[in-house]
Amino acid sequence: MHPHDPGANPSHVPWPAVSVACIWLPQFPLRVELLRHPAWDGLPLVLGAGPGERKVVQLCSPEAARAGIFPGLPLREVLTLCREAIIIQPDPVRIAAVLDETVARLQRVSPAVEPADEAIFLDLRGLRTLYHDDLARLERAIRTAVPPPLRPRLGAAAGKFAASVAAHLAMEFGLRVVPAPETAAFLAPLPLSHLPLLPETIQRLKLLGLHTMADLAALPFPAVQAEFGPPGARAWRLASGQDAERLIPRRFRPPVQTSLRFDDPLASIDAILIAVGELLGRAFAHPLLQNRAARQARLRALLADGTSWERLITFKDPVVSSRTAYLALKAKLQLPNGLPLAPLEELAIELLELSGEAARQPSLFLTRARQLAPIAEAASHLGTRYGRTTLYHAMEVEPWSRIPERRWALVPYEP
C-alpha cells in the first residue's frame with residue numbers, strides 16, 4: 001500500500017516532508033465512557049445535559065445517529081426513537097483526567113504536544129533520527145500512548161491545518177500522510193466545511209458559487225480579505241496550503257492540588273464551604289506557593305449520582321493567602337447554580353497560573369481604615385519574601401526646622 005493511502009500501515013514507511021502530526025479523537029466524551037464500560041462499544045450512546053443545561057442531546061454515537069438521534073434532540077424523545085440507547089451524563093472530571101494522562105504519554109513520543117478540543121498535535125521536527133526515518137515506528141509509538149477504545153485517527157502534514165484535515169479523512173485506526181509539496185493538491189477538492197469559518201460565512205461563500213477550497217484559493221486575496229475580514233484572510237491562506245500557524249505546546253505547570261473524600265456525601269453549602277476552606281489551607285501550605293500567587297482555581301467533584309462536576313474560577317486579583325482565596329470562592333459558589341445539585345462524595349481543588357504577586361495600586365480616596373488593611377498585608381508578604389522590612393513611611397520629626405531634611409524622616413513600617 002502507498003504510504004499516502006488512508007489506513008496505510010506497511011512495515012516501513014519512509015519519513016516524508018511532514019512536521020506536524022494530528023491525533024483526532026472523534027466523540028471523545030463518549031469514548032471516555034468506554035474505558036469504564038467496554039461492553040458498551042457498538043451500542044447507541046447519547047451524551048445528555050449537565051446540571052442547569054437544556055435537556056437536549058449534546059453528542060451521539062454513529063449507532064445512535066442511524067436510529068434518528070441527533071444533537072439538539074430533546075432527551076425525552078431519545079428512547080422513543082431507540083429503546084436500546086444509553087444516555088450518559090457529562091463527566092468533565094474524568095474527561096479531563098483521561099486527556100491529561102493521554103497528553104502526558106504522548107509527551108514521551110514528542111516533547112512538544114498541543115491539545116485542542118478533540119485533536120492533539122505533535123511536533124515532529126527533530127524526531128527523524130529518534131525513529132530511524134520510519135514513520136511506521138512513530139505511528140506505533142503514538143498508538144501505544146493512546147488507549148485503543150478512543151479510536152484515534154492520525155494525520156501527518158507540513159502544517160496543523162492539513163494534518164487535522166488528514167486525520168479527519170483517515171480511516172478508523174488509520175494514518176493519512178500529506179507531504180509538504182502535495183498540500184495544496186490535497187486540500188483543493190475538499191469542501192469548505194473543513195475551514196475554521198462560521199456556518200453563516202460558509203453559507204455566504206456557497207451563495208457566491210464557492211464550494212471547494214480550490215474555488216476559494218482561486219480568488220484574489222485582497223478581495224477575500226476585504227469582504228470577509230481576518231477570518232476570511234486566514235481561510236484563504238489555509239485553503240491555499242499556506243499554513244504558518246505554530247504549534248503551541250502545553251506548558252508544564254507543577255500541580256498544586258489537594259482533595260478530600262467524604263464518608264457521608266456533602267449536600268449543604270455550609271459543609272461544602274468548610275471543606276473548601278480545609279483544602280485551601282492545605283494548598284497554600286504547599287512549598288510551590290511560597291512567595292507566589294495563584295490566578296485561578298479549578299474545583300472538581302465526584303457526585304453521589306455517579307457523575308462529576310468541574311468549575312474553573314479566575315480571581316479578580318492574584319491571591320496569596322487561603323483566606324483571600326476562600327472569600328473569592330465562597331462568593332462564586334453561593335451564587336445560583338454555583339454548586340452541583342447532587343451531594344459531593346469527593347472534592348479536589350487545583351491552583352493554577354502561579355506567579356509572583358502582581359503590584360496593585362489602591363485608590364487614593366478610600367478611608368484610612370480601608371487603606372491600612374491592604375498595606376499591612378503587602379508589608380507582611382514583602383517581609384516574608386525578603387526577610388526584612390522593605391516599606392517605610394514618612395514621619396514628622398522637627399516641624400519647626402527650616403531644613404526640609406530635618407522636618408521628616410523615613411521610618412520602617414511595622415503593620
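Q: A polar contact is a pair of N or O atoms within 3.5 Å; in this structure, which side chain does such a contact join to the side chain of Asp-91?
A: The model is a predicted one, and in it the side chains of Asp-91 and Arg-94 are joined by a polar contact of 2.2 Å. Asp-91 itself lies in the loop between strand E4 (86–88) and helix H4 (92–106).

Q: How should I read the accessibility of Asp-91: is this residue buried or exposed?
A: A residue is called buried when its relative accessible area is under 20%. Asp-91 has a relative accessibility of 4%, and therefore counts as buried. If neighbours within four places in sequence are set aside, Asp-91 is in contact with Glu-33, Arg-36 and Ser-308.

Q: Where is Asp-123 found, and what does its side chain contact?
A: Asp-123 belongs to strand E6, which covers residues 119–123, and its side chain makes a polar contact of 2.7 Å with the side chain of Arg-125. With a relative accessible area of 12%, Asp-123 is buried. Among the residues in contact with Asp-123, once neighbours within four places in sequence are left aside, are Ser-19 and Leu-247.

Q: How many residues of E6 are buried, and which of them point one way or the other from the strand?
A: Strand E6 is mostly covered, with 5 of its 5 residues buried. Ala-119, Phe-121 and Asp-123 point one way, while Ile-120 and Leu-122 point the other way.

Q: Which strands are joined to E6 by bridges?
A: Strand E1 (residues 20–24) runs antiparallel to E6 and is joined to it by 5 bridges, with Ala-21 standing opposite Leu-122. Strand E5 (residues 113–116) is also antiparallel to E6, with 4 bridges between the two, and here Ala-116 stands opposite Ala-119. E5 and E6 form a hairpin with 2 residues between them, and in the turn Asp-117 has a positive phi of about 55°.

Q: What is a disulfide, and how many are counted here?
A: A disulfide is a covalent bond between the sulfur atoms of two cysteines. In this model the count comes to 0 disulfides. Cys-22 is buried, with a relative accessible area of 0%, and Cys-82 is buried at 7%.

Q: What does Leu-216 touch, beyond residues up to four places away in sequence?
A: Leu-216, which sits in helix H9 (residues 213–217), touches several such residues, including Leu-192, Leu-205, Val-224 and Trp-236. At 2% relative accessibility, Leu-216 counts as buried. Leu-216 and Ala-188 are 28 residues apart in sequence, and 9.1 Å apart in space from C-alpha to C-alpha.

Notes: Residues numbered from 1 in each chain as written. Predicted model: local features only at pLDDT ≥ 70, side-chain atom pairs only at ≥ 80, totals over all residues. Heavy atoms only, no water. Buried < 20%, exposed > 50% of the residue type's maximum accessible area, 1.4 Å probe, protein only. Polar contact = N/O pair within 3.5 Å; in protein donor to acceptor, adjacent residues only side chain to side chain. Contact = heavy atoms within 4.5 Å. Disulfide = S-S within 2.5 Å. Pairing = 2+ DSSP bridges.
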